[in-house]
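Please keep the sequence and the structure in view while reading.

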Amino acid sequence: MEHLKIASDNYVAFTFFIGTMAMMAASVFFFLELNNTSAKWRTSVLVSGLITFIAAVHYYYMRSYNLETGDSPTFFRYVDWILTVPLMCVEFYLITKKAGAKIALLWKLILASLVMLVTGYVGEVLDRDGSVLWGVISGAAYFYIVYLVWFGEVAKLAQTAGAQVAKATKILGWFVLVGWAIYPLGYILGTPGGLFGMQLVSDPAAAAHAMDIVYNIADAINKIGFGLVIYALSRTKED
Ligand SMILES: *C/C=C(C)/C=C/C=C(C)/C=C/C1=C(C)CCCC1(C)C
């Protein structure tokens, strides 16, 4: 078997490796902490662990795929997102459930996230020439999620769910508004349509590398950060 060497300036491979380790470590942490988590928050912390665990398995594959082929593991990337982003919607539902969140709200969030991801995949893989249009549709679905979390049902329910849930929802809202906004930046760097026709990186290989690095950083921030906010909420004492 050929031995694959990683050049010290290969930041794509580096972020895939560190992403894999970070997701694994976070999963072990969330799963082991379940034992001393109160029953009320156990499912939420479990879901945090599932999100990073699913990502850890995908990162393990993406890391070796990228190392062996030099290509972007776009397919694995989207399979990961299509599983983990809806689980993040489940987190919003679980923490606002006590305040009366209905299953319909969960479906709204999941449906919007699926529209966001499927159109993103179409723009990245199936119709790259139309990447701007698909990115705009994806962005609209993204802003709908931002709206629900900041001003819509999620925000309103969180207000009546106690100070701690309200605070956690606010922080998660920042993750959605700022942390998730890193992804469209990766998309703009890596797709031929660029930013409404303006290409920021013209060399296709460099563009793909930039996209992978940006996505890897965003995943680490959002998946682990999101889980830690839920974990912190599970440690608060109140109602
Ligand atoms: C753990 C993975 C997460 C939180 C992934 C989130 C992904 C997004 C918020 C992606 C959004 C996109 C747009 C808003 C427009 C361009 C296409 C996407 C799919 C990159």
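The model discussed here is a predicted one.

With that rule in mind, consider helix 8 and helix 9, which pack at an angle of about 170° with their axes 8 Å apart. Since that angle is over 145 degrees, helix 8 and helix 9 are therefore roughly antiparallel to each other. On the side of helix 8, the residues that meet helix 9 are I182, Y183, G186, Y187, L189 and G190; their partners in helix 9 include A207, M211, Y215 and K223. Sorted by kind, the residues of this contact comprise 11 nonpolar, three polar and two charged.

Helix 2, which covers residues 39-69, has 31 residues, and from its first C-alpha to its last it reaches 45 Å, close to the 45 Å expected at 1.5 Å a residue. Just after helix 2 comes G70, which takes a positive phi of about 80°.

Helix 2 also packs against helix 9 (residues 204-234), at an angle of about 160° and with the axes 8 Å apart. That angle makes helix 2 roughly antiparallel to helix 9, and the crossing of helix 2 and helix 9 is left-handed. Helix 2 contributes W41, S44, V45, S48, I51, T52, A55 and Y59 to the contact, while helix 9 contributes residues including Y215, D219, I224 and Y231. In this contact of helix 2 with helix 9, 10 residues are nonpolar, six are polar and two are charged.

A further partner of helix 2 is helix 3, for the axes of helix 2 and helix 3 come within 10 Å and cross at roughly 170°. Helix 2 and helix 3 are therefore roughly antiparallel to each other, and their contact is made up of 18 nonpolar, five polar and three charged residues.

The table sets the make-up of these contacts side by side.

| helix 8 and helix 9 | 11 residues | three residues | two residues |

Two single residues show how parts of the chain that are separated in sequence come together. L67 is found in helix 2, and its C-alpha is 6.5 Å from that of A13, although L67 and A13 are 54 residues apart in sequence. Not counting residues up to four places away in sequence, L67 touches L4, I6, A13 and F17. I188, by comparison, is found in helix 8; the C-alpha atoms of I188 and A207, which are 19 residues apart along the chain, are separated by 9.2 Å. Leaving aside its neighbours within four places in sequence, I188 is in contact with G194, L195 and L200.

Finally, the aromatic rings deserve a look: the count comes to 18 aromatic pairs. In one of them, the rings of W81 and Y183 have their centres 5.1 Å apart and their planes at 85°, so this pair is edge-to-face. The pair links distant parts of the chain, because W81 lies in helix 3 (residues 74-97) and Y183 in helix 8 (residues 182-190), 102 residues apart.

Definitions and conventions: Residues are numbered from 1 along each chain as its sequence is written. This is a predicted model: local features need pLDDT of at least 70, side-chain atom pairs count only at pLDDT 80 or more; totals for chains, interfaces and linings use all residues. Side-chain values use heavy atoms; hydrogens and water are left out. Helices (H or I, at least four residues) and strands (E, at least two) are DSSP runs, numbered from the N terminus. The expected span of a helix is 1.5 Å times one less than its number of residues. Axes are lines fitted to C-alpha atoms, for helices over the stretch in contact, and angles run from 0 to 180 degrees between N-to-C directions. Angles under 35 degrees count as roughly parallel, over 145 as roughly antiparallel, 65 to 115 as roughly perpendicular and the rest as oblique. A crossing is left-handed if the near helix is turned anticlockwise from the far one by less than a right angle, and right-handed if clockwise. Contact means heavy atoms within 4.5 Å. Ala, Val, Leu, Ile, Met, Phe, Trp, Tyr, Cys and Pro count as nonpolar, Asp, Glu, Lys and Arg as charged, and the others, Gly among them, as polar. Rings of Phe, Tyr and Trp (its six-membered ring) pair if their centres lie within 6.5 Å; planes under 30 degrees apart count as stacked, over 60 as edge-to-face and the rest as tilted.
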